[in-house]
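This report concerns a single structural model and treats a selection of its local features. The sequence and the structure are shown first.

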Amino acid sequence: MKYILIIIVSLLVINCNQQLTPPKETHAYTNELIHESSPYLLQHAHNPVNWQPWSTKALAAAKAQNKLIIISVGYAACHWCHVMEHESFEDPEVAALMNTNYINIKVDREERPDIDQVYMNAVQLMTGSGGWPLNVIALPDGRPVWGGTYFAKENWMDALRQVKDLYTTQPDQLATYADKLEKGIKAMNIIEVAKDETTFDSTFIAKAVQEWSLEFDHEKGGTQRTPKFMMPANYHFLYRYAHQRKDSLLMKYVINTLTQISYGGVYDHVGGGFARYATDDKWHVPHFEKMLYDNAQLVSLYSDAYLTTQNPWFKTVVYETLDFVERELTNDVGAFYSSLDADSMTADTGELEEGAFYIWKKETLQQLLGDDYPLFAEYYNINAYGLWEKEQYVLIRKTANTEFATTHELTNTQLQEKVSQWKAELLKERAKRAKPRLDDKTLTSWNAHMLKGYIDAYRVFKDPDFLKKALKNATFIKTHQLQNDFSLLHTYKDEKSTINGYLEDYAAVIDAFIALYQNTFDQQWLDIATQLTEYTFTHFYDADTKFFYFTSDLDPELITRTIEHTDNVIPASNSIMANNLFYLYHYTNTKKYLVSSQQMLQAIQSQIATYPSGYANWLKLMLNYTENFYEVVVAGADAMHTIQELNTHYIPNKLVAGSTKPATSPLLEGRFVDGQTLIYICVDNACKFPVSEINEALELIE
């Protein structure tokens, strides 16, 4: 791969002094994004660039005109996407250069994650890093030859001129580079099929966690780097591992991390919900966009953390985050929107500015809070600790409520009343500001994550409103996104469902519907999950690698068909599928599911060993194979109440099946006894003698 980098760098250096003359005449432009529904594409619909959406028409035009292609990928809430748009794509000089020499394609990465994956892999090979905006130059056949992320105007124009000149003077060398890069991209999907007998060892997990722990920031939480991302799947695994292994030091680290994140400015202390990440090491100043998928997973994580800590602040975080989701990201049919922008209009200048909706000036707070301001200022650090820039503050906490109340001679109730009053006052004031722009498209995968968040919150807190909203969203997915052949569609907007679903959609919906079954005992959700699984085997499964492709075999071909296996802020679609298969094997006794889950995990072990923090969801699955895992079966008229009582205990190494009447499924057949509610604790469908009391069941679970 070093050879590839040397080629492209040398090509650009050789021609660095050769400049294309910008076109002198003014050309009319035709921006076709105005016909799109994606909020991100519509943001660019009035650029002077001749943008086109990704389509066979655009690709055919590149070949017909023998033009290089600019593929620019971003998303509606992306701050630096907006910056580059303003600096370059709104500039007539830049637009003239792009329009004359290139076919220009804009891609919403959330609508088309398949395209984003291919070209992100290319940029990571070329530069060693990636991000958004993602800007790639490709040959007319779509194969990339150059790329990067954000570029200032002059750098962008220089690159466009140089690559176009190379294409004019040395097309063979660019083609040679494209060949090598294409091989590199395809190599990223090569997974060695496990040849050894399937074995999973608890010492392997222990070593992985030990290696991982070298990155821990035990004081401020998270890892010892900036920016800091929340990475919910990582801390969910570490939390579970610490609990099952009774590792008090690791548990302390995880709980401290969750505390520091939620005390920091990355958590919206006024309106609830989390921003995407923190730009500093104390979780203070966020990159202010709010994404549905972060909040969905964090609701699940903080709900589980509450079970062992009984920390009322964690409960508050869950409730406030779900209040935010309901208020800002939910439509009338129960579907969830995608994100809120980092930028919003300022009152002073009327221009878009990052964080303008969320930050506070001391004078404003003093006027709003009056005599309470000194106490508020200490609680939320309106001081050097909480200062951001331009005499603006991002609210951040340092102290637990009990300690703060004691210091200021208040009861916990008195302090909580004051905090509630402060939040209500600030929320009312903030509502007068221009709101961040909303990406109001609905993504099936992200909706499924949020559905899972609501179900996990219901499991822990038993709030019927959470179940109501979960069922409404599940019904939306079933009604609008699920097709008669058990295929899924990826997006929904303006009452239209579009784009063939990706593996991430199937994996997330199966996961959410399994959770929904476990908390309702409504068999339809488990049946749909099973049908969706069969569909993925038919249209996504790769018999050679034993993994699932990200795209269906019914989708138009890209330059490569990717296999997503590394966990990120959202776990990899294959790791979610491998976990799903483990659960569905226990529910259906379908041997194929177990074999597939084991093969996938076995194949990924070597990568886990070298980069454990990138495989947290795989490690969670490995725990199921190396530690005791229980099937908890409850049968009887009081089954629902019984499982709700059992759920007040954190038991991550279990699945649940139940019925209030006789049933024929593998886990339930023959276990209903009229007039009794019995709890069966089973391992691989071999059950101990049934019991009727929760404490007896807990003893059997060890």
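In this predicted model, an open sheet is built from 3 strands in the order E6-E7-E8, and the pairing is antiparallel. The edge positions belong to strand E6 (228–229) and strand E8 (286–287), each of which pairs on one side only. Strand E7 (residues 277–278) is joined to E8 by 2 bridges, and the two run antiparallel. Within this pairing, Tyr277 stands opposite His287 in E8.

**Backbone geometry in loops**

A cis peptide bond links Trp132 to Pro133, and Pro133 is placed in the loop between helix H6 (113–127) and strand E4 (134–138). Lys462 is not a glycine, yet its phi is positive. This lysine, Lys462, is located in the loop between helix H18 (444–461) and helix H19 (464–481). The torsion values for the two cis bonds are listed below.

| Cis peptide bond | Omega |
|---|---|
| Trp132 to Pro133 | about 5 degrees |

For Lys462, the phi value is about 60 degrees.

**Packing of two helices**

Helix H21 (residues 523–539) and helix H23 (residues 591–610) have axes that come within 12 Å and cross at roughly 60 degrees. Because of this angle, H21 is oblique to H23. The handedness of the crossing between H21 and H23 is left-handed. On the H21 side, the contact is made by Thr530, Thr533, Glu534 and Phe537, while H23 contributes Lys592, Tyr593 and Ser596. Sorted by class, the contact of H21 with H23 comprises 2 nonpolar, 3 polar and 2 charged residues.

**Confidence of the model**

How high is the mean pLDDT of the protein chain, and what percentage of its residues reach 70 or more? The mean is 93, and 96% of the residues reach 70 or more. Residues 1–27, however, have a pLDDT below 50. Beyond near neighbours in sequence, the stretch of residues 1–27 has 40 contacts in the model.

Methods. Residues are numbered from 1 along each chain as its sequence is written. This is a predicted model: local features need pLDDT of at least 70, side-chain atom pairs count only at pLDDT 80 or more; totals for chains, interfaces and linings use all residues. Side-chain values use heavy atoms; hydrogens and water are left out. Axes are lines fitted to C-alpha atoms, for helices over the stretch in contact, and angles run from 0 to 180 degrees between N-to-C directions. Helices (H or I, at least four residues) and strands (E, at least two) are DSSP runs, numbered from the N terminus. Angles under 35 degrees count as roughly parallel, over 145 as roughly antiparallel, 65 to 115 as roughly perpendicular and the rest as oblique. A crossing is left-handed if the near helix is turned anticlockwise from the far one by less than a right angle, and right-handed if clockwise. Contact means heavy atoms within 4.5 Å. Ala, Val, Leu, Ile, Met, Phe, Trp, Tyr, Cys and Pro count as nonpolar, Asp, Glu, Lys and Arg as charged, and the others, Gly among them, as polar. Two strands pair if DSSP finds at least two bridges between them. pLDDT is the predictor's confidence in each residue, from 0 to 100.
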